[in-house]
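Here's a structure to walk through together. Have a look at the sequence and the model first, and then we'll go through a few spots one by one.

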Amino acid sequence: MGASGRLGRYLKIGAAAAGLLLIGGALFSFSAVSKSRHARHATSQQRLFDQGRQVFRFDTFGDQAFWGGGLQLHRAIEGSKLGGVGGGVSPKTALSVGLKVDSQALPKQVVQGIKQGKIDLNDPKTTLALLKLNAVVGVKGFFNHRGTLRSVGLTCAVCHSTVDNSFAPGIGKRLDGWPNRDLNVGAIVSLAPNLKPVTDLLGADEATVKKVLAAWGPGKFDAELFLDGKGFRPDGKSAATLIPPAFGLAGVNLHTWTGWGSVPYWNAFVANLEMHGQGNFFDSRLDDASKFPIAAKNGFGHLRVKHDLVTSKLPALQFYQLGLKVPKPSPHSFNAAAARRGKAVFDGQGKCASCHTPPTYTEAGWNLHTPAEVCTDSFQAERSPTGMYRTAPLRGLFTHSKGGFYHDGRFANLGAVVDHYNSCMNLGLTPQQKGDLVQYLKSL
């Protein structure tokens, strides 16, 4: 081969190599850009999640205007010795009505002081110190320049978080999304020095209001009371329902016991109508004066404010809630062999999976049923616009077994729930099948 031929060959090889280098460089560049975009996306998601956690834990949506300015709960917390009224609320009293303390918000010297008995948990001053640290789960104190409490507000976490009791009963690391089945909302509201905002709204005297609140008990709240004014069921029992979990909601269509709406709808509903925050809210269904006389009279279906402190928080709040993972039960809390047999019952003769369909354990799509379909009374269903009951997701049942099951806790344990459906649907389950099914439910 001549010199010119060899040169041509070298040029071709060089061109091919250059081409490969260019392709490789392009692929490397594309991969780098892709990774960069992925990292930015992940960072953006984490930022939104963190923002939602902050809202969930610490944002009052301006509701201190009601709990502090209206009911004056901060004065009851302080007590007369600190400028308020009454004996004040000590940490011991707060824990007794189900409020929780975040141990991770406590400085080391406070932790040591509590362990050594140097910090008085019977003194309202200690409660104020805990509020200043943002350590009382779901309760936010507002202080003036003198360091005294001027108001108090509530956050989502007060009902939908608890702690792991790792430090002491009622004191530990936060468990967001877990229902606080120790929280006695009725008892807390009854401490208010001024119940006039509630009595005026309900058109009832203070004695009647306190009777209704006292009937709720731990772990229950009546979200419809301020809509229809019904404090008791026809059988004389409280109309309050159990506080539900706020985890495991991703992929679940309707929320709450009676399917009022989606996650952002219910967050807006609660922030404005239950927490009494300052925001805009719209639901023309509340204009029905026959079903919701109090809501219709007060225009709750058409709330408008000049400065909305709720709506802008809803996207991040929803993102955080949907990201809350379902807690897993301890492997020692159920019989694994029985649970495996129970799964077969759940999927087969028990017909549970026909409604509680894995992996969400509720229907994919429309997840409401008439009271007759689930063999129960219609009282709570009729207090909602749907007139129906939602198929509740079943994962993490161990986190909310205290207080019973069903919307109002009428079934003391899972065995009673299984007995109910065995009778309702004529399943013909044997005692062993029912026992195995309970073990499976505990394993979810």
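A residue counts as buried when its relative accessible area is under 20%, as exposed when that area is over 50%, and as partly exposed in between. Keep in mind that this is a predicted model.

Let's start with helix 12, which is mostly covered, with 10 of its 12 residues buried. Which residues of helix 12 are buried? They are Val263, Tyr265, Trp266, Asn267, Ala268, Phe269, Ala271, Asn272, Leu273 and Glu274.

Just after helix 12 you'll come to His276, which takes a positive phi of about 65°.

**How helix 12 meets helix 14**

Now zoom in on one of those partners. Helix 12 spans residues 263–274 and helix 14 spans residues 314–322; the two pack at an angle of about 120°, and their axes are 10 Å apart. Angles from 65 to 115 degrees would count as roughly perpendicular and those over 145 as roughly antiparallel, so helix 12 and helix 14 are oblique to each other. Their crossing is right-handed.

Who touches whom? On the helix 12 side you'll find Val263, Pro264, Asn267 and Ala268, and they meet Leu314, Leu317, Gln318, Gln321 and Leu322 in helix 14. Sorted by class, this contact has 6 nonpolar residues, 3 polar ones and no charged ones.

**The cysteines**

How many disulfides are there? The count comes to 1. That disulfide joins Cys375 to Cys424, with an S to S distance of 2.0 Å. The torsion about the S-S bond is about 70°, so the disulfide is right-handed. The pair links distant parts of the chain, 49 residues apart: Cys375 sits in the loop between strand 11 (368–369) and helix 16 (379–382), while Cys424 belongs to helix 17 (residues 414–424).

What about Cys352? Its sulfur is 9.2 Å from the closest cysteine sulfur, in Cys355, which is too far for a bond. Cys355 is in no disulfide either.

| Cysteine | Relative accessibility | Class |
|---|---|---|
| Cys352 | 18% | buried |
| Cys355 | 23% | partly exposed |
| Cys375 | 35% | partly exposed |
| Cys424 | 18% | buried |

Next up is Gly186, which lies in helix 8 (residues 185–190). Is Gly186 buried or exposed? Its relative accessible area is 0%, so Gly186 is buried. Not counting residues up to four places away in sequence, Gly186 touches Leu213 and Trp216. Compare Gly186 with Ala215, too: they are 29 residues apart in sequence and 7.7 Å apart in space, C-alpha to C-alpha.

Last stop: Gln439, found in helix 18 (residues 431–443). With a relative accessible area of 17%, Gln439 is buried. Which residues is Gln439 in contact with, leaving aside its neighbours within four places in sequence? The partners are Phe334, Asn335, Ala338 and Ala339.

How values were computed. Residues numbered from 1 in each chain as written. Predicted model: local features only at pLDDT ≥ 70, side-chain atom pairs only at ≥ 80, totals over all residues. Heavy atoms only, no water. Axes fitted to C-alpha atoms, helices over the stretch in contact; angles between N-to-C directions. Helix = DSSP H or I, 4+ residues; strand = E, 2+ residues; numbered from the N terminus. Parallel < 35°, antiparallel > 145°, perpendicular 65-115°, else oblique. Left-handed = near helix turned anticlockwise from the far one by under 90°. Contact = heavy atoms within 4.5 Å. Nonpolar A, V, L, I, M, F, W, Y, C, P; charged D, E, K, R; others polar. Disulfide = S-S within 2.5 Å. Buried < 20%, exposed > 50% of the residue type's maximum accessible area, 1.4 Å probe, protein only.
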